[in-house]
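Student: I have a structure open and would like to learn how to read its features. Could we go through them one at a time?

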Amino acid sequence: MKRRNSKNNLLILVVTTAIVLLVLYLAMHFDAQLTSLILSIQADKIAQPPKIIAALQLVLFGILAYIIVRALNFLVFGMFRLRRGFDAPTLVQNVFSIIAFSLLFLLIFSWEFPNANLGALFTTSAIFGVILGLALQDTLGNFFAGISLQADRPFQVGDVITVGTQRHTGVVEEITWRAIKLRTFQNHVVLINNSSAAKEPIEVCPRDNLNARLVLFNTLYTDSPAKTIHVVREAVREADNVSDRITPIVRIRNMGDSGVEYECKYWLSDYAKYNDTDALVRQRIWYAFRRAGLNFAFPTRTVQVERKSAGIRDADGGAIVERLSAVDIFAPLSVEETGMLAQAAVRHVFAPGETVIRAGDDGSSMFVVHNGRVQVQISENGRPRPVATLNEGDFFGEMALFTGEPRTANVVALEETEVLEIGHSAMKSLFDTNPDLVESLSFIISERREGLVPQVNAAIASPDGSAGILSAIKRFFGIS
Ligand code: CMP
């Protein structure tokens with residue numbers, strides 16, 4: 001369509017040039033005949049034929065000058081587009097055309113009317129100039145504001161901008177000598193005067209820049225943040241127009257009345273399509289929530305009647321009993337004893353990277369990994385050195401609990417991890433009924449101590465290994 005238009009324009013230009021040249025040739029060639037024709041049709045003979053002919057030639061040359069300027073414009077800015085890969089601003093093209101045409105026209109005028117004093121014409125028209133200046137105040141203001149916008153180049157055609165307090169947002173389509181033309185996301189055109197735009201704050205999202213967007217959502221308080229963040233990040237990064245150069249960021253924004261409020265920050269390949277992409281991102285979040293069993297929060301008031309509980313007596317109690325009975329040191333316990341232990345256990349959730357146990361602290365409980373993974377670390381030259389990774393069903397924290405010594409290592413959650421905490425009193429009642437338990441524990445503790453670094457080992461190891469630990473545990477728990 002555009003190509004056909006420019007072909008038509010070229011054809012019109014060529015035909016007009018040919019006609020103008022022909023008329024000019026005729027006017028110059030049949031100069032004498034034209035003079036006598038003018039004289040013959042004039043009854044009063046007031047007008048001077050040479051001046052009329054000169055005026056006619058001036059008009060024809062003027063049209064020719066216009067065509068030359070158009071062709072020149074086409075050539076110069078065509079080259080510019082070829083070299084730079086984008087169109088020169090319309091304002092620059094217009095200014096170029098006006099200056100080139102004025103110069104050409106002045107040249108033709110002084111050639112046609114050599115006796116006319118152009119200097120005097122300009123000076124005598126000073127008052128006229130002032131009047132004209134006042135009348136064109138706004139227009140000139142726009143014009144110069146437009147020039148300063150072009151010189152500064154704070155934005156270009158194709159960028160998304162938001163202008164002023166009224167927050168007109170859209171894609172810049174054109175910057176003319178009068179106004180900035182914006183195409184809004186409702187496909188309307190907004191024209192903003194250059195002079196008002198120059199006074200207003202303008203938010204620019206350049207086309208060649210990675211611009212970000214925020215999409216907000218929320219979940220119920222019962223949904224895990226680590227899981228939510230992972231699920232949403234993976235769902236959003238695959239959506240169309242979400243740039244793969246920066247991974248989306250999902251983070252908690254607020255602990256709201258109805259739920260945990262999150263924001264998802266993502267970067268767009270094409271910012272001009274942010275409305276569609278925002279919508280797609282929300283859609284992806286919805287489906288991801290469905291698959292992962294996460295729930296959006298909505299304004300609710302949940303009245304929870306809290307029953308005082310020493311341990312876990314919820315619907316998940318069966319899973320806790322199952323978990324504890326699979327722990328090797330608790331294997332000798334009867335079903336009732338494991339059930340009692342499960343009742344006494346307290347459940348805690350740790351985020352990835354959170355410390356469950358800190359070396360050097362006092363501790364009077366041990367932990368069983370219910371879900372997730374933890375890493376046992378000791379500090380070496382001020383840096384953490386991993387000693388062991390413990391998975392579901394493994395336990396830790398028994399050393400301090402059974403010996404009364406400070407914690408020997410840091411234990412850090414590697415992922416979202418749920419642990420079951422078993423306190424001193426629960427263990428003591430088990431020891432009373434299962435004296436063999438003390439022996440198997442002292443064996444494990446002695447083995448684990450060997451896994452620690454020599455200096456720590458030397459500081460904490462008892463000289464006579466598991467036998468020493470056994471008597472230490474007995475002493476600590478008052479077992480005979
Ligand atoms: P505690 O000393 O109470 O606190 C740190 C815990 O890390 C410790 O008990 C053990 O449960 C655990 N731990 C220490 N060393 C090792 C190891 N070599 N292998 C597995 N766990 C360990």
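The dialogue below takes up the ligand site, the cysteines, the salt bridges and some single residues.

Student: What should I know before I start?

Tutor: This is a predicted model, in which local features need pLDDT of at least 70, side-chain atom pairs count only at pLDDT 80 or more, and totals for chains, interfaces and linings use all residues. Residues are numbered from 1 along each chain as its sequence is written, and side-chain values use heavy atoms, with hydrogens and water left out.

Student: How many residues surround the ligand, and which are the closest?

Tutor: A residue is near a molecule if one of its heavy atoms lies within 4 Å of it. Here 16 residues surround the ligand, and the closest are Gly397, Glu398, Ala400, Arg407 and Thr408.

Student: Which elements supply at least two residues each of that shell?

Tutor: Helices (H or I, at least four residues) and strands (E, at least two) are DSSP runs, numbered from the N terminus. Strand β13 (383–390) and the helices α13 (398–403) and α15 (435–451) each supply at least two residues of the shell. The most comes from α13, with 3 residues.

Student: How do the shell residues divide into nonpolar, polar and charged?

Tutor: Ala, Val, Leu, Ile, Met, Phe, Trp, Tyr, Cys and Pro count as nonpolar, Asp, Glu, Lys and Arg as charged, and the others, Gly among them, as polar. By that scheme the shell has 10 nonpolar, 3 polar and 3 charged residues.

Student: Which atoms lie 2.8 Å and 2.6 Å from an oxygen atom of the ligand?

Tutor: A polar contact is a pair of N or O atoms within 3.5 Å; within protein, one must be able to donate a hydrogen and the other to accept it, and residues adjacent in sequence count only if both atoms are side-chain atoms. At 2.8 Å from a ligand oxygen there is a backbone N or O atom of Gly397. For Thr408 a polar side-chain atom lies 2.6 Å from an oxygen atom of the ligand. Taken alone, the ligand exposes 460 Å², and the protein buries 96% of that. Such accessible areas come from the Shrake-Rupley method with a 1.4 Å probe; for residues, only the protein chains shown count as cover.

Student: How many disulfides are there?

Tutor: A disulfide is a pair of cysteine sulfur atoms within 2.5 Å. A search of the whole structure finds 0.

Student: Are Cys205 and Cys264 buried or exposed?

Tutor: Buried means under 20% relative accessible area, exposed over 50%, and partly exposed in between (1.4 Å probe, protein chains only). Cys205 counts as buried because its relative accessibility is 9%. Cys264 is also buried, at 0%.

Student: How many salt bridges does the whole structure have?

Tutor: Side chains of opposite charge can pair when their charged atoms come close. A salt bridge is a side-chain nitrogen of Lys or Arg within 4 Å of a carboxyl oxygen of Asp or Glu. The search finds 14.

Student: Where do Glu415 and Arg373 sit in the chain?

Tutor: Their side chains meet in a salt bridge, 3.0 Å from N to O. This pair links distant parts of the chain, 42 residues apart: Glu415 is in the loop between β15 (410–413) and β16 (417–423), and Arg373 is in the loop between β11 (365–371) and β12 (374–380). At 33% relative accessibility, Glu415 is partly exposed, and Arg373 is partly exposed at 33%.

Student: What are the N to O distances in the pairs Glu380 with Arg385 and Lys273 with Asp270?

Tutor: Glu380 and Arg385 meet at 2.9 Å. For Lys273 and Asp270, the closest N and O atoms are 3.7 Å apart. Lys273 is partly exposed at 48%, and Asp270 is partly exposed at 27%.

Student: Which residues other than glycine have a positive phi?

Tutor: Among them is Asn187, with a phi of about 65°. Asn187 lies in the loop between β3 (179–183) and β4 (189–193), and is exposed at 54% relative accessible area. Asn241 has a positive phi near 70°, and its place is in the loop between α9 (225–237) and β7 (249–255).
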